[in-house]
Amino acid sequence: PPRKRFWLYAPYGLVLVIVIGWAAFWFMVKGRVAEGLDQWIVREATAGRDWRCQDRSIAGFPFRLEVKCASLSLARPSDAFAPAITMGPLLVVAQIYDPSHLIAEPKGPATATWADGRKASLAWETGQLSLRRSSGQFERGSLVLAQPVLTLAGFESGEGTSRAARMEIHLRPTPARAAEAALDIALSFDKLVMPALDQLFSSADPADLKIEATLSQSSGFAGGFTPTTLETWRVAGGVLEFSRLGLAKGMAQMEGQAKLSLDEFRRIRGRLDGAQTGIDTLAGIRIGAMLDAGALLSGRPAAQAQGGRSLKP
């Protein structure tokens, strides 16, 4: 009889051992995640980036790890040009069996405030962020925002609101160009409404924008995009190569490629090749007039059509 009772209760005992072992494993991983986050925050502070995760908590037992912040903020006191950035609640999730793949659900708005009073606020309906690391190194990242709305205030170049139906950005290190710290970038906006574009093309039609580019010496922008980091990138010999610049806005369409950098006087230098259709004016200037001026400066006669009117490209 004792032997029969043993086999009766053995499966329950085995399940109990497995549950206790898994719980111990999960709490061990949780402790390592908390320790890793603390170490990362210290390293970032040493590099001049002060991150604050308010009311941080780690949950998700038994199969996930969920890191929650009631709010997230970033300050860069070592860079006088850098804005203070604040963001709403953030949830970052990783499966316990694949902690190198992080999925986040950022909540807006994200606000950047400069010392001189300028302010930019980005809001969205839903957002998803995906980050993958391999052997401790960044492998790829993606951000998708639905109905993003950007509001600018206090900028000399202009104020106002821009919006889109959808925004996507994808990043990954460029294969075979690790020595240059090159980064592949793919950026797209669907149904983009932007006052500057409306003025440039004299059209209120929404635009679809597609950009594919490679940025060399990208590590210079680890501290964000400011005049200080831009100068670091220039000194390092950084180059921005656009393999695609695509814009469709109403009847206007543009496609192009470019290779740009900054010279010692911080002027943009490089080459831009493009083609367009359906564009009669840019910033109120007739395209034909631009071609006539270019022909005049180069010493070539302007192309003429019947009736003495300039040809359009």
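F61 is located in the loop that connects strand 2 (57–59) with strand 3 (64–69); helices (H or I, at least four residues) and strands (E, at least two) are DSSP runs, numbered from the N terminus. The model is predicted, so that local features need pLDDT of at least 70 and side-chain atom pairs count only at pLDDT 80 or more, while totals for chains, interfaces and linings use all residues. Residues are numbered from 1 along each chain as its sequence is written, and side-chain values use heavy atoms, with hydrogens and water left out.

The relative accessible area of F61 is 42%, and F61 is therefore partly exposed (buried means under 20% relative accessible area, exposed over 50%, partly exposed in between; 1.4 Å probe, protein chains only). Together with W22, F25, F27, M28 and F63, F61 makes a nonpolar surface patch of about 600 Å². Patches are made of residues with over 30% relative accessible area and no salt bridge, like charges being joined within 9 Å and nonpolar side chains (Val, Leu, Ile, Met, Phe, Trp, Tyr) within 5 Å. A salt bridge is a side-chain nitrogen of Lys or Arg within 4 Å of a carboxyl oxygen of Asp or Glu.

In soluble globular proteins, nonpolar side chains tend to be buried together. The largest nonpolar core has 27 residues, and those with the most contacts inside it are L65, M87, L90 and F201. Two or more residues each are given to this core by helix 1 (2–46), strand 3, strand 6 (90–95), strand 15 (183–192) and helix 2 (195–201). Such a core is a set of buried Ala, Val, Leu, Ile, Met, Phe, Trp, Tyr and Cys residues joined through side-chain atoms within 4.5 Å. Leaving aside residues up to four places away in sequence, L65 touches residues including W26, V33, I58 and V92, where contact means heavy atoms within 4.5 Å.

One disulfide is present in the structure (a pair of cysteine sulfur atoms within 2.5 Å). It joins C53 to C69, with an S to S distance of 1.8 Å. C53 is partly exposed at 23% relative accessible area, whereas C69 is buried at 9%.

W114 occupies the loop between strand 8 (110–113) and strand 9 (119–123). Its relative accessibility is 19%, so W114 counts as buried. The C-alpha atoms of W114 and F81 are separated by 7.4 Å, although these residues are 33 residues apart along the chain.

Technical notes:
Accessible areas come from the Shrake-Rupley method with a 1.4 Å probe; for residues, only the protein chains shown count as cover.
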